[in-house]
Amino acid sequence: MTESSRSQGFSTRAIHAGQEPDPLTGAVVPPIYQVSTYKQDGVGGLRGGYEYSRSANPTRAALEECLAALEGGSRGFAFASGLAAEDTLLRAVARPGEHAVVPDDAYGGTYRLFAKVAEPWGLAHTPVHLGDLDAVRAAIRPGRTKLVWAETPTNPLLGVADIAALAEIAHGAGALLVVDNTFATPYLQNPLALGADVVVHSTTKYAGGHSDVVGGALVTSSSPATGFEDLDERVGFHQNSMGAVAGPFDAWLVLRGLKTLAVRMDRHCDNAERIVGWLAEHPRVSSVLYPGLAEHPGHSVAAQQMRRFGGMVSFRLRGGIEEALGACKRAEVFTLGESLGGVESLIEHPGRMTHASVAGSVLEVPDDLIRLSVGIEDVDDLLADLEQALS
């Protein structure tokens, strides 16, 4: 990435970073290099450094360069899923006997990875409310804590963490700050610029944006915490050695999605803000969880580190679980389904769906909670659908 391109606007980078016209044909869209191996010009004579597509593939390389450009990072790494990205990172930077601080309202799959995979391997973890900086400091185990893991906003309770403050705490303990930026996307928030060392994405969500691909990504800082100066090399080695890489077609689909990320996110935010205002006045709604609300406990921090507040909305119903389940069933324009970040609006009951794996743990979510992934449909149709679903 050149110095001139670093100063370009977000959408310009999303469309052009890593995506120069094909030198052979002039095609303006990077080709899908659906290939496993590459002809060598003599033993060890690699063309462009390509020998085997687990190690490197031109389509994946284009995506990785684009992601790094959008997050303002050193390198991007594309994976087969968000959890594959997370697992690779844990193996790359932590060892058995070490420790991580994780959110007490993390995505259920992330918590399952820490609790059911990483902990038996030997990586201990402590769930903590990341909005309480004193609690974060108290959770640090001197000499053992190697990771402070943050989501902001969190899934599904839309909690907000102060990235700059967490970076200071993590670096003071000799640990990395990792930020899951899936909900906010690089269009709304850039954790690396606030001191984070690694950004995680499920590219399945807003990056891809069309509910037609599963993928994940890591983007590393150009100036990681002391003791992790070789972070790029560690992650790159483990990406190749563990092998959970993004396939060429999946990488191409995410690249296509990134081109329209800015315009989609603006529409997601517009629609979410209208829906939040409507829900806040609804007699059956007991509370609305959205960082854009002035009464949200993390609103002031979110306003400082986010450009807008995103397309994810959660709310609780006065009628409890039965009313929540009924509303999910009655929705029509909102599709009842897991995942998020696509152009279509989704509705789900986290306690029975995406967060069922944390039932009975400290991360259990309220059973009257509904989560919306607000799409880019005509907002009046979305409001009418919520009206009949809650009636």
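Among contacts in the chain between residues at least 6 apart in sequence, what percentage join residues at least 24 apart? Let us work up to that and beyond. This is a predicted model, in which local features need pLDDT of at least 70 and side-chain atom pairs count only at pLDDT 80 or more, while totals for chains, interfaces and linings use all residues. Residues are numbered from 1 along each chain as its sequence is written, and side-chain values use heavy atoms, with hydrogens and water left out.

**Exercise 1. Describe the chain as a whole.**

Step 1. Start with the contacts, where contact means heavy atoms within 4.5 Å. Of those between residues at least 6 apart in sequence, 72% join residues at least 24 apart.

Step 2. Count the elements: the chain has 14 helices and 12 strands. Helices (H or I, at least four residues) and strands (E, at least two) are DSSP runs, numbered from the N terminus.

Step 3. Check the overall dimensions. The radius of gyration, taken over C-alpha atoms, is compared with a globule rule of 2.2 Å times the number of residues to the power 0.38. For 391 residues a compact globule would come near 21 Å, and the chain agrees with its 21 Å. The C-alpha trace spans about 75 × 50 × 35 Å along its principal axes.

Step 4. Accessible areas come from the Shrake-Rupley method with a 1.4 Å probe, and for residues only the protein chains shown count as cover. The chain exposes about 15600 Å², with 52% of this belonging to carbon and sulfur atoms. As for burial, 54% of the 391 residues count as buried; buried means under 20% relative accessible area, exposed over 50%, and partly exposed in between (1.4 Å probe, protein chains only).

Step 5. Finish with charge. Lys and Arg count as positive and Asp and Glu as negative, with His and the chain ends not counted. A charge is placed at NZ of Lys, CZ of Arg, CG of Asp or CD of Glu. There are 31 positive and 47 negative side chains, and the centres of the two sets lie 4 Å apart.

**Exercise 2. Examine helix α3 and Pro58.**

Step 1. Helix α3 covers residues 58–71, which is 14 residues. The expected span of a helix is 1.5 Å times one less than its number of residues. From first C-alpha to last, α3 reaches 20 Å, close to the 20 Å expected.

Step 2. Now look at its cover: 12 of the 14 residues of α3 are buried. Among them are Arg60, Glu64 and Glu71, along with Leu63, Cys66 and Leu67. As background, an α-helix has 3.6 residues a turn, so residues three or four places apart point the same way.

Step 3. Zoom in on Pro58, which is found in α3. Pro58 counts as buried because its relative accessibility is 18%. Leaving aside neighbours within four places in sequence, Pro58 is in contact with Tyr33, Tyr38 and Tyr50.

**Exercise 3. Follow the loop between β11 and β12.**

Step 1. Val365 lies in this loop and is buried, with a relative accessible area of 8%. Its C-alpha is 12 Å from that of Leu158, although 207 residues separate Val365 and Leu158 in sequence.

Step 2. List the partners of Val365 beyond four places in sequence: Pro156, Pro350, Gly351 and His355. Pro156 is the proline of the Asn155 to Pro156 cis bond.

Step 3. Thr354 is in the loop between β11 (346–348) and β12 (369–373), buried at 14% relative accessible area. Its partners beyond four places include Gly108, Glu338 and Arg371. The C-alpha atoms of Thr354 and Glu338 are separated by 6.4 Å, with the two residues 16 apart along the chain.
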